[in-house]
Amino acid sequence: MEFAYVDISELFELGIGFGLVVVLPIIGLLLAHQRKMAVLVRTPAGQVNDARLAQMQAQIDELRIRQADLTLALDDARQHVRQLSSSPPSRSIEA
């Protein structure tokens, strides 16, 4: 059996090229994921949820105020229409 001649310098260059093209991006992705997970672990879940909950509660309060204002405006408009329809306009005929 004969073994193929392997040039160590070419094998070394091939290993460096493979490392730069394949291994280095994988390591970069793993490190980025590890950083994101570390931030998630360090940040208390309640703190993030409390801020979001407070924001949503403020929006709900604002919508309730708007609804109350619109309801009052609609009631005023209905009352005004009823007054106009219940009292016919008085016309005087002048000769």
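Modeller: A residue is called buried when its relative accessible area is under 20%, exposed when that area is over 50%, and partly exposed in between. We shall need these words for the predicted model above.

Biologist: Is Arg66 buried, partly exposed or exposed?

Modeller: Arg66 has a relative accessible area of 49%, so that residue counts as partly exposed. Glu62, with 41%, is partly exposed as well.

Biologist: What does Glu62 form with Arg66?

Modeller: Glu62 and Arg66 form a salt bridge, in which the closest N and O atoms lie 2.8 Å apart, and the structure holds one such bridge. Both residues belong to helix H2, which covers residues 45–86, and because they are four residues apart there, about one helical turn separates them.

Biologist: How many helices and strands does the protein chain have?

Modeller: The chain has two helices and zero strands, and of its 95 residues, 0% are buried. Its accessible surface comes to about 9,400 Å², with 65% of that belonging to carbon and sulfur atoms.

Biologist: Which residues make the nonpolar surface patch?

Modeller: The patch, of about 1,100 Å², is made by Phe12, Ile16, Phe18, Leu20, Val21, Val22, Val23, Leu24, Ile26, Ile27, Leu30 and Leu31. To take one of these residues, Leu20 is found in helix H1, which spans residues 8–42.

Biologist: Is Leu20 buried or exposed?

Modeller: Leu20 has a relative accessible area of 55%, and it is therefore exposed.

Terms used: Residues are numbered from 1 along each chain as its sequence is written. This is a predicted model: local features need pLDDT of at least 70, side-chain atom pairs count only at pLDDT 80 or more; totals for chains, interfaces and linings use all residues. Side-chain values use heavy atoms; hydrogens and water are left out. Buried means under 20% relative accessible area, exposed over 50%, partly exposed in between (1.4 Å probe, protein chains only). Accessible areas come from the Shrake-Rupley method with a 1.4 Å probe; for residues, only the protein chains shown count as cover. Patches are made of residues with over 30% relative accessible area and no salt bridge: like charges are joined within 9 Å, nonpolar side chains (Val, Leu, Ile, Met, Phe, Trp, Tyr) within 5 Å. A salt bridge is a side-chain nitrogen of Lys or Arg within 4 Å of a carboxyl oxygen of Asp or Glu.
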